[in-house]
Amino acid sequence: MENSVSDPVIALREVGFSYDKGRPVLKGLSLFVSRGERVAVLGRNGSGKSTLVKILGALLTPSQGTCFARGRVSLVFQNPENQIVGAVVEDDVAFAPENQGVEPIEIERRVVWALEKVGLLHKKKALSSALSGGEKQRLALAGALAAIGPGVSACLVLDEPTAMLDPQGRAEVESVLRELHAAGTTIVQVTHQIENVTLADRVLVLSQGEWIWQGDREAFWDAAESLGFSLPPLVSLRRRLVAKGITVNANSIDDLAETIAAFFSSLGTEEGERLCPDVLPLSFFQVRDLGCGFGAGTPVETRVLTNVSCAVPAGKWFSILGRTGSGKSTLVQHLNGLYPIQSGEISILSEGEFVPLPKKGTELRNLRRRVGLVFQSPEDQLFSPTLREELTFAPLNWGLSKEKADAAAARAVELVGLGREYLERSPLRLSGGERRLAAIASVLSADPECLVLDEPTAGLDAVYRSQVVELLSRLKGEGRTIVTVTHDFEMAFEWSDRVFVIEGGRGLFEGSVASALSALLERESENVMLPEVLRLCGRLKRQGLCVPLTWDVDGLFEALHESTRLS
């Protein structure tokens with residue numbers, strides 16, 4: 001690799017690293033990145049990607065080998081909480097240039113520029129703590145940009161910078177990165193989102209601390225499935241159509257729809273689809289006119305929820321969808337009493353009757369045993385030295401004996417797919433995917449009736465995502481109520497029994513998945529971001545093609561295949 005890269009901005013030579021002289025995390029790793037290049041680094045959770053990022057940013061020193069960087073390197077971490085230091089948004093963005101000794105006028109210019117780039121200028125005076133998880137991730141990116149400043153050739157090293165963002169938020173940040181790259185910024189991006197490969201100059205795949213594949217973007221598409229990656233839906237569809245003899249040079253959804261419609265113009269008009277009646281099942285929660293705000297009476301007062309009403313079905317999977325900052329996390333944190341009700345009411349099914357959500361005392365304690373909450377970031381709830389202590393904490397608090405608490409911990413760790421050997425390990429030394437499973441296990445050890453999860457698949461590779469989804473499906477099969485806040489529309493549409501869409505702190509739609517697809521497509525122009533394949537189906541229907549509304553590329557291709565009897 002060194003011979004193919006002249007004047008590298010980053011140069012790693014035979015870098016090895018291990019924590020506390022334990023198992024090697026990186027093994028003889030070399031990486032040479034040229035100025036202005038955009039590199040995507042892929043790999044499973046636990047492959048060493050985040051450790052690599054810290055070494056590139058000089059936060060860790062290699063145990064062996066050397067690491068050199070020319071110019072300014074700015075990092076954006078996987079968890080924005082590790083990077084945000086200012087109480088107010090503008091103060092946080094100003095932190096790095098202030099420490100660099102930049103003049104105040106230039107600092108203000110950088111703050112405005114960086115916040116505008118990530119779409120947070122309107123929250124310049126907001127409290128950092130009041131931002132949603134996705135907004136915090138954009139704030140972290142703004143801080144990294146401000147450290148560089150406009151018009152400066154430098155290197156951004158990004159560790160899953162869009163993992164917590166909704167599709168539109170990801171598109172906005174990706175637009176920023178494209179602009180920066182076009183202006184000469186070098187970008188090294190660690191990611192699980194295969195779509196990020198589409199704009200990379202080079203792709204590297206890391207496994208157990210070693211490179212197992214390197215090459216350009218087009219070569220990666222050819223090798224992706226053999227490496228264990230699924231192609232992005234539209235890339236997969238284009239390649240399948242080309243294999244059937246259909247010339248496809250389109251890149252955007254609109255262009256692709258026109259190309260397909262022109263080829264299949266003989267299909268005729270669609271007949272329309274009948275939807276099954278939307279029958280409301282028995283509820284576990286009933287939410288009526290819920291309202292919530294932060295900072296009342298202060299200059300940073302923020303209204304988060306306004307008259308939100310919905311019904312969470314008992315023993316079913318209920319997904320809450322919406323843009324970053326729409327109030328999803330605030331809504332679910334009311335369900336186990338973490339946030340007190342300011343206005344409106346929430347009722348919970350108890351012994352066949354609906355009773356108001358308890359507010360204090362033993363009843364509130366019992367509510368939190370019935371309703372387990374898994375936060376957006378596992379680090380927010382993992383605090384014990386070992387996973388055993390983490391998983392026995394709740395059972396011991398409920399009054400179980402140590403023997404029964406240990407048994408509950410063993411059941412929980414095995415239920416989520418981690419072996420009992422993990423019980424003696426530190427939760428914070430686990431990989432991102434393992435930490436997510438550990439956080440779920442810490443809630444399951446109390447044997448809740450309802451499991452509420454905030455972005456359970458964010459930042460996970462395909463294997464861990466599948467593991468979490470299958471776990472939640474099994475728990476629902478046991479009769480537990482599952483509530484997920486998610487930007488993973490594909491998971492929500494495939495596995496949910498009902499969905500609730502929230503926008504700007506107000507309920508937008510509630511119903512079955514089948515009824516939701518049409519309703520959401522009708523509102524796509526209002527920035528409700530949907531899976532690419534579903535949006536393509538909507539375009540094709542408007543072009544007069546009879547295709548199903550689906551988010552699954554296999555389903556769409558099969559419909560086109562059957563309609564034309566392609567060989």
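Q: What should I know about the ground rules here?
A: Because the model is predicted, local features need pLDDT of at least 70 and side-chain atom pairs count only at pLDDT 80 or more, while totals for chains, interfaces and linings use all residues. Residues are numbered from 1 along each chain as its sequence is written, and side-chain values use heavy atoms, with hydrogens and water left out.

Q: How is the pairing of the open sheet of 4 strands arranged?
A: Strands of a sheet pair through backbone hydrogen bonds, either parallel or antiparallel. Here the order is 11-10-13-14, with antiparallel pairing. Strands are DSSP runs (E, at least two residues), as helices are (H or I, at least four), numbered from the N terminus; two strands pair if DSSP finds at least two bridges between them. Strand 11 (302-313) and strand 14 (353-356) are the edge strands, each pairing on one side only. From one strand to the next, the twist averages 20°.

Q: How many bridges join strand 10 to strand 11?
A: There are 8, and strand 10 covers residues 283-294. Ser283 stands opposite Pro313 in strand 11.

Q: How do helix 13 and helix 14 pack?
A: Two packed helices are described by the angle between their axes and the distance between the axes. Axes are lines fitted to C-alpha atoms, for helices over the stretch in contact, and angles run from 0 to 180 degrees between N-to-C directions. Helix 13 (residues 432-444) and helix 14 (residues 462-477) pack at about 15°, with axes 10 Å apart. That makes helix 13 roughly parallel to helix 14 (angles under 35 degrees count as roughly parallel, over 145 as roughly antiparallel, 65 to 115 as roughly perpendicular and the rest as oblique).

Q: Which residues of helix 13 and helix 14 meet?
A: With contact meaning heavy atoms within 4.5 Å, the residues of helix 13 include Leu437 and Ile440, and those of helix 14 include Val468 and Leu471.

Q: What is the angle between helix 8 and helix 17?
A: Helix 8 (residues 253-263) and helix 17 (residues 532-542) pack at about 50°, with axes 9 Å apart. The two helices are therefore oblique to each other.
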